[in-house]
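Here are my notes on this one, as promised. Have the viewer open while you go through them.

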Amino acid sequence: MRELAEFLGKDAGPLEKTLRARIEAVVRKTRKLTKRRVFCMEWIDPVFASGHWVPEMVAMAGGVDSLALAGKESRRIQWADVVAAAPEVLILMPCGLSRKQTLHEFPTAVARPGWKDLPAVMRGEVWYADGPSYFNGGGPRLVDGLEILAEILHPEVFPRRRSRAYAKLPLHR
């Protein structure tokens, strides 16, 4: 962002200050909240756990994703690992797929053994998000992604304002 601003002869300072303030607002509000167990699925078949910056975003938003590796590439994992992790919240954010495409792929996840027994499924806490816009690529929109995660994980603190970016999956338990 700074390099682009410099190239354009602009000052990135004001935008950077605004983005940092938004990040700090989320961190400040979630600091003392109970951390929720989350699994961010970056690919449905095969199953991929998130990596890069997403685990840090989850932590800042008040969650913990024990299957994710911060600063590392997203990686393929076994479905049994997801079942063993017993996430309270499951967020599908497949790399490169729109929300509509994610819905099309969703039946593959539901067909897996142990799906119905996941705490996230039993509580109706399965979400899908626009991965390419808010999670899968670097840039200022990652701050929007952070706020989306906070809205999903802690709606008692963060009002849901970005309904076009994410939604709860229709579950038939």
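1. Start with Asp45 and Arg112, whose side chains meet in a salt bridge at 3.5 Å, N to O. (A salt bridge here is a side-chain nitrogen of Lys or Arg within 4 Å of a carboxyl oxygen of Asp or Glu.) Asp45 sits in the loop between β1 and β2 (48–49) and Arg112 in the loop between α5 (99–110) and α6 (119–122), so the pair ties together parts 67 residues apart in sequence. Arg112 is buried, with a relative accessible area of 14%; buried means under 20%, exposed over 50% and partly exposed in between, using a 1.4 Å probe and protein chains only. Helices (H or I, at least four residues) and strands (E, at least two) are DSSP runs, numbered from the N terminus.

2. Keep in mind that this is a predicted model: local features need pLDDT of at least 70, side-chain atom pairs count only at pLDDT 80 or more, and totals for chains, interfaces and linings use all residues. Residues are numbered from 1 along each chain as its sequence is written, and side-chain values use heavy atoms, with hydrogens and water left out.

3. How many salt bridges are there by this rule? The count comes to six. One of them joins Arg20 to Glu16, with the closest N and O atoms 3.0 Å apart. These two are four residues apart in helix α2 (residues 13–30), so about one helical turn separates them. Arg20 is exposed at 54%, while Glu16 counts as buried at 16%. Glu24 also pairs with Arg31, at 3.6 Å between the closest N and O atoms, and Glu24 is partly exposed at 36%. Arg22, Asp144 and Glu147 form one network through shared partners.

4. Now look at Glu42, in strand β1. Glu42 is buried yet has no salt bridge, and the nearest side chain of opposite charge, Arg75, is 11 Å away. (Lys and Arg count as positive, Asp and Glu as negative; His and the chain ends are not counted.) What does the Glu42 side chain make a polar contact with? The side chain of Ser74, at 3.0 Å. (A polar contact is a pair of N or O atoms within 3.5 Å; within protein, one must be able to donate a hydrogen and the other to accept it, and residues adjacent in sequence count only if both atoms are side-chain atoms.)

How values were computed: Lys and Arg count as positive and Asp and Glu as negative; His and the chain ends are not counted.
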